[in-house]
Amino acid sequence: AVMASPMNSDSGWFLALALGVSFIKCLLINAYHSTDFEVHRNWLAVTHSMPVSKWYYEATSEWTLDYPPFFAWFEYGLSHVAAYFDKEMLVVRNLNYASPATVLFQRLSVIVTDVVFIYAIKECCKCLREDKGKELLWKPSFILATLLLWNFGLIIVDHIHFQYNGFLFGVLLLSVARHFQSRHLEGALLFSVLLNLKHIYLYIAPAYGVFLLRCFCFTQSKTDGSVHWKSFSPFRFVVLGSIVLTTFALSFGPFIALGQIPQVLSRLFPFKRGLCHAYWAPNVWALYNIVDKVLSMLGVKLGMLDINKLPKATMTGGLVQEFQHTVLPSVSPLVTLICTLLSILPALFHMWYRPSGGRGFLRCIVICALGSFMFGWHVHEKAILMAILPLSWLAVEHREDARTFLILSTTGHFSLFPLLFTAQELPIKILLMLLFTIFSFTSLKKLFRGRLVSSVEATYLLGLIPLAVICELVYPLTPWHHTLPFIPLLLTSIYCALGVTYSFIRLYISLLTVPSTTSKGKCQ
Amino acid sequence: MDNWSLVSMCVLLGLTTRWAVSFNSYSGASKPPMFGDYEAQRHWQEVAYNLPVHEWYLNTTDNNLSYWGLDYPPLTAYHSLLCAYVAKLINPAWVELHTSRGYESSSHKLFMRTTVLIADILLYIPAVFLYCFYLSNGSSKKKVATALCILLYPGLILIDYGHFQYNNVSLGLALWGVVGLGSGWDLLGSLAFTLALNYKQMELYHSLPFFCYLLGKCIKQGLVGRGLFLLLKISLSVLATFALCWLPFLSEPQQVLQVLHRLFPVARGLFEDKVANTWCSLNVLIKIKTLLSRDAQLLLSLALTFLFVLPSSIKLLTKPTMWQFKLALVNSSLAFFLFSFQVHEKSILLPALPHRLSAVLCLACSMLPLLLKDGLLLPYAVTSLAFLFLCVYLLSALHRSSQELHLGSCYNLTRGCLSARNFSLLVKCAFGISMAAMAVLSTASAALEPPARLPDLFPVLVSIFSCMHFLASLLYFNFVQLTEPPSRRGQKKTN
């Protein structure tokens, strides 16, 4: 292989990939950043300038602290470094302060904390079954490293839109890798820390709970794979429990002592927001909303509904958070919770009765993440990354997962396009999307030899191109651009929701039909 | 199949890097009254669109030549005219006569950057891939790797997408010329190069090798018969192309002279600003500018330029192979850059030699003072470092055997005194030292304040260092080219 000359060590390519993507990230320092930039600057200021007792009460800025305490401590740590760049950013009253030094510091902090992500990927690659004979470019570890390091969604959400998902996903992947390596306590600790960094990972907590209970607390399984009840190890259970409880105690302890728990919880779980985000994430509720709208329009046309009795916003309103359903029943947070649980229960049961070690656990994580995305309350479109990233790992090992990954990642990434709506970023998002898509398709195709997408699926995916042209180029030139500005968002959301739903179904089918390949009913 | 995906991924990476660099500032941003090269290009669009052709190069009431008068050949003007038509469609205020002076807006910046990108996509990038695939040796993966390295040359990206220029057009056309010549299509190749010359007169730096190669080839084919026929064909097509480009100006000899006067401003002296050539470096010790009269300066620079270009050209004339041609291109452009009249920093964008990694990086470093003025420190640092790591990794530049580094001849010379291991160690040390020096100079220029007595300390240091580096490269490449034995079976070397 020419790419890896005999002189280069094995890790040479990994370093090259990591450095390469880091350089691209550095070049994006001066790109557009969203309000999330101000959010984090505000948190730097709040944690630096205010005492701990005020952190969850501070409301000078509209972007109040709504992540768990460990993240607040993380921002506190960052703020000390920030003081060397520009002290003004740490003043709470400096709303929307974005001096060049501030931008540089914040961007660099994301790039530097991505080191955790890079380390985690290295650990994940170690857990793969290696194929020594293959050429470098088509080795599973190379493909996985590239799919994760150069993930399009992560780059544009973290390094343009601005968030800290890289290092959080690093902690998640590291935790999963530790479970693969049977270092379950470390994995559990990492996940508890993760939950206290960003509580959105509650989406996959059920998978962790069931897995740890089944495979760590019960030390043996019967030959057919079902649990050996007598092998319950109270010692392990207690150790596990104490690790989790200690982590939560460290995190929430100060606020329990201050009696601020209701306030903290209200900040963390603001259920007053609507069913859908301002931009409808491509999930079931987006489809539900559109069906409701179509039915109500049909109903008015057919004379079955009185247009005067309908809520004002239904006919002309765009993507609003508080969407009042007219024909179909309204959806409350409780309903979404029940739907989510129903959607992930079969996967959890399957893992309980037929555990297949780390890979089964990973599959369950993906399904939990995707199920919560599909049916959750006020889901952000960025949450699709929680399903795409772990699925990359499964994709380099199983053909069926590779097929699902291609569909999910392409539609999921496309649904992130509306996040970057400025003209200047349009070439970047198209170029990076093409880069990632071409790589994922060609590398997985080479790995698994043969067609990975059927004609129907290919047509659907190719349909994204005209959709992109319409939304980005054609629509802004039409007169409706000012009166009905939400149409491109709506179209993107609906089109991608189809792909995401299809992937969810595929994941379940492959879970329930394909027998666990390597270890039947074993936990390792 | 694999090749296509690798090629497209390289193109996408190259385009992403370019566009990301374009987010940064440009030359003369928010700096009235003169602004910078960005405003110059916008002004040329304004002039080309609003004024009749015969007024473009003249000093008239509508066209004040002291405010960014056109000083590139007609093809640049036609290109500006084309861009102006598009600009008029989008926003007429961008090219309104007089009132659009100093126009700056984010949408205009987007428009201008897009024009550079389109020129890249249409001209430069295809030329690079054709060059790598048809004119270099090695496996297809190696060719793609070479192409990626060329695409990520920091100097070109920073100047075109940062400072703002259209070097990719002239370099792209010149590269098409090289590709044409290399594939045996001499006519098309010379046509492409003529167009490049008519776009930017700095392509004269590359003109001697083209001339000598084609002439040598004609001579080899016999000066009576096929050779003569080829010579006539090429000369006629070159003249025809020139005539076509200069058509509107050929009506009066006065026009032609005026254009030439704009293209070659001999009145401006040996050099301006701090540039990495010998005159500027020499000026530190001996004040040449004041010592010699303007005519003497002109003669001196012409003489030295030709002196340094002559050996390489003659060798190429006697032995017109592609390998000699490529070496001659480097030697010629280095000689012209180092000794010619009124050289600007951007004149040294060489597209063709990824092996001389240190030279390419030195190029970028030599432009550092200019880039710092434009606020392009961050892209400079990132692209240079990225290029360094990429080349070191992909081409394993340092691990190559001395043979592959075309140090064969050098090695033979020193074989008496040094062993093979010591020799490659020496090469690595030299490389390391020059990298370290560049890093120190870059950091110092960016971070430190120069002492009050020597306000231009850092630009001068950078210029002198780069000049020495280029001189060393000139000597080295001349040595390589001239010591190649007269008969060689086929081309054994890449690039």
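Predicted model: local features only at pLDDT ≥ 70, side-chain atom pairs only at ≥ 80, totals over all residues.

Q: Which residue does the side chain of Glu96(B) meet in a salt bridge?
A: That would be Lys88(B), with 3.2 Å from N to O.

Q: And is Lys88(B) buried or partly exposed?
A: Lys88(B) is partly exposed, with a relative accessible area of 23%. The cut-off for buried is under 20%.

Q: OK, what about salt bridges that share partners, which residues do they join into one network?
A: Look at chain A for that: Glu123(A), Lys126(A), Arg178(A), Arg183(A) and Glu186(A) are joined into one network.

Q: Where do Arg363(A) and Asp401(A) lie?
A: Arg363(A) lies in helix H15 of chain A, residues 357–375, and Asp401(A) lies in helix H17 of chain A, residues 399–414. The two are 38 residues apart in sequence, so the pair ties together separate parts of the chain.

Q: Are those two buried or exposed?
A: Buried, both of them: Arg363(A) has a relative accessible area of 12%, and Asp401(A) has 1%.

Q: Back to chain B. Which residue meets Arg42(B) in a salt bridge?
A: Glu39(B) does, at 2.9 Å from N to O. Both residues lie in helix H2 of chain B (residues 37–50), 3 residues apart, which is about one turn of the helix. Arg42(B) and Glu39(B) are both buried.

Q: Why would side chains like these pair up at all?
A: As a general point, side chains of opposite charge can pair when their charged atoms come close.

Q: Let's zoom out. How many helices and strands does chain B have?
A: Chain B has 21 helices and 0 strands. Of its 495 residues, 57% are buried.

Q: What share of the contacts in chain B is between residues 24 or more positions apart?
A: It's 76% of the contacts with a separation of 6 or more.

Q: Now the two chains together. How much area do chain B and chain A bury between them?
A: About 3000 Å², with 78% of it on carbon and sulfur atoms. Chain B puts 31 residues into the contact and chain A puts in 35 residues.

Q: How many salt bridges and polar contacts are there between chain B and chain A?
A: The count is 0 salt bridges, and 2 residue pairs are in polar contact, both at pLDDT 80 or more.

Q: Which helices of chain B each supply at least two residues of the side that touches chain A?
A: Those are helix H1 (2–21), helix H4 (106–134), helix H5 (140–151) and helix H18 (377–394). The largest share, 13 residues, comes from H1(B).

Q: What does that side of chain B look like by class?
A: It has 18 nonpolar, 9 polar and 4 charged residues.

Q: Changing topic, where is there a cis peptide bond?
A: Go to chain B and find the bond from Pro32(B) to Pro33(B), with omega near 0°. Pro33(B) lies in the loop between H1 and H2 of chain B.

Q: Which residues other than glycine have a positive phi?
A: Two to look at are His378(A), with phi near 50°, and Arg449(A), with phi near 45°.

Q: Where do I find His378(A)?
A: His378(A) is in the loop between H15 and helix H16 (385–395) of chain A. His378(A) is buried, at a relative accessible area of 9%.

Q: And Arg449(A), buried or exposed?
A: Exposed, with a relative accessible area of 62%. Arg449(A) sits in the loop between helix H18 (426–448) and helix H19 (455–462) of chain A.

Methods
Residues numbered from 1 in each chain as written. Chains lettered and ligands numbered in written order. Heavy atoms only, no water. Helix = DSSP H or I, 4+ residues; strand = E, 2+ residues; numbered from the N terminus. Buried < 20%, exposed > 50% of the residue type's maximum accessible area, 1.4 Å probe, protein only. Contact = heavy atoms within 4.5 Å. Buried area = accessible area lost by both parts, 1.4 Å probe. Salt bridge = Lys/Arg side-chain N within 4 Å of Asp/Glu carboxyl O. Polar contact = N/O pair within 3.5 Å; in protein donor to acceptor, adjacent residues only side chain to side chain. Nonpolar A, V, L, I, M, F, W, Y, C, P; charged D, E, K, R; others polar.
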